[in-house]
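Thanks for taking a look at this one with me. Please keep the structure open while you go through the points below.

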Amino acid sequence: MEKIKFKTTINASKEKVWDVLFGVDSYPKWTAVFAEGSQVETDWKKGSRAIFGDGKGNGMLAVIHENIPYQYLSIKHIGEIKDGEETLHNWGESFENYTLNEKEGQTELLIDMDIIKEWTEYFKETWPKALVKVKEIAER
């Protein structure tokens with residue numbers, strides 16, 4: 001596993017940024033850069049299951065590891081879905097973390113993620129595009 005990190009500063013409150021990241025309507029808009037038709041099935045509560053799908057029967061399985069509203073969300077990836085079939089994996093400490101810090105009306109959003117080597121380049125290329133979308137939506 002490799003840890004990768006991404007950061008951006010957004011001219012919006014941490015509540016607004018949080019709502020963009022995890023809102024029912026806004027989540028598919030910014031995650032479309034990862035997969036067109038992207039969607040999530042979860043209530044975002046600690047311990048809840050989460051299915052991150054592409055709308056075509058493929059995606060990732062996860063558990064919400066921690067949720068401190070408007071500050072920190074941690075997702076533990078536990079498997080994948082291919083053609084509608086779920087397969088659990090033992091990836092060890094495979095976390096995707098969102099940390100929000102507000103200062104003087106701006107929010108610093110930090111993403112850190114444990115990733116297997118074969119996906120590193122994809123995420124290094126795609127996360128910055130996703131953060132641009134989050135910023136655009138939150139600053140409207």
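Where is G55 found? Point 2 has the answer, after a word on the model.

1. A note on the basis: this is a predicted model, in which local features need pLDDT of at least 70 and side-chain atom pairs count only at pLDDT 80 or more, while totals for chains, interfaces and linings use all residues. Residues are numbered from 1 along each chain as its sequence is written, and side-chain values use heavy atoms, with hydrogens and water left out.

2. G55 lies in the loop between β3 (49–53) and β4 (59–68); helices (H or I, at least four residues) and strands (E, at least two) are DSSP runs, numbered from the N terminus. With a relative accessible area of 53%, G55 is exposed (buried means under 20%, exposed over 50%, partly exposed in between, with a 1.4 Å probe and protein chains only). Leaving aside neighbours within four places in sequence, G55 is in contact with G37 and Q39, where contact means heavy atoms within 4.5 Å.

3. S38 sits in another loop, the one between α2 (27–31) and β2 (39–41). Is S38 buried or exposed? It is buried, because its relative accessible area is 11%. The side chains of S38 and T31 are joined by a polar contact of 2.9 Å (a pair of N or O atoms within 3.5 Å; within protein, one must be able to donate a hydrogen and the other to accept it, and residues adjacent in sequence count only if both atoms are side-chain atoms). Not counting residues up to four places away in sequence, S38 also touches G53 and D54, among others.

4. Please also look at M113, in strand β8 (residues 106–115). M113 counts as buried because its relative accessibility is 5%. Beyond four places in sequence, its contacts include I4, F95, F123 and W127. The C-alpha atoms of M113 and F95 are 5.6 Å apart, although the two residues are 18 apart in sequence.

5. Finally, the rings: the structure holds 17 aromatic pairs (Phe, Tyr and Trp, its six-membered ring, with centres within 6.5 Å; planes under 30 degrees apart are stacked, over 60 edge-to-face, the rest tilted). One of them is the tilted pair of F34 and F123, 6.0 Å centre to centre with 45° between the planes. This pair links distant parts of the chain, F34 in the loop between α2 and β2 and F123 in helix α3 (residues 117–138), 89 residues apart. F34 is partly exposed at 21%, whereas F123 is buried at 14%.
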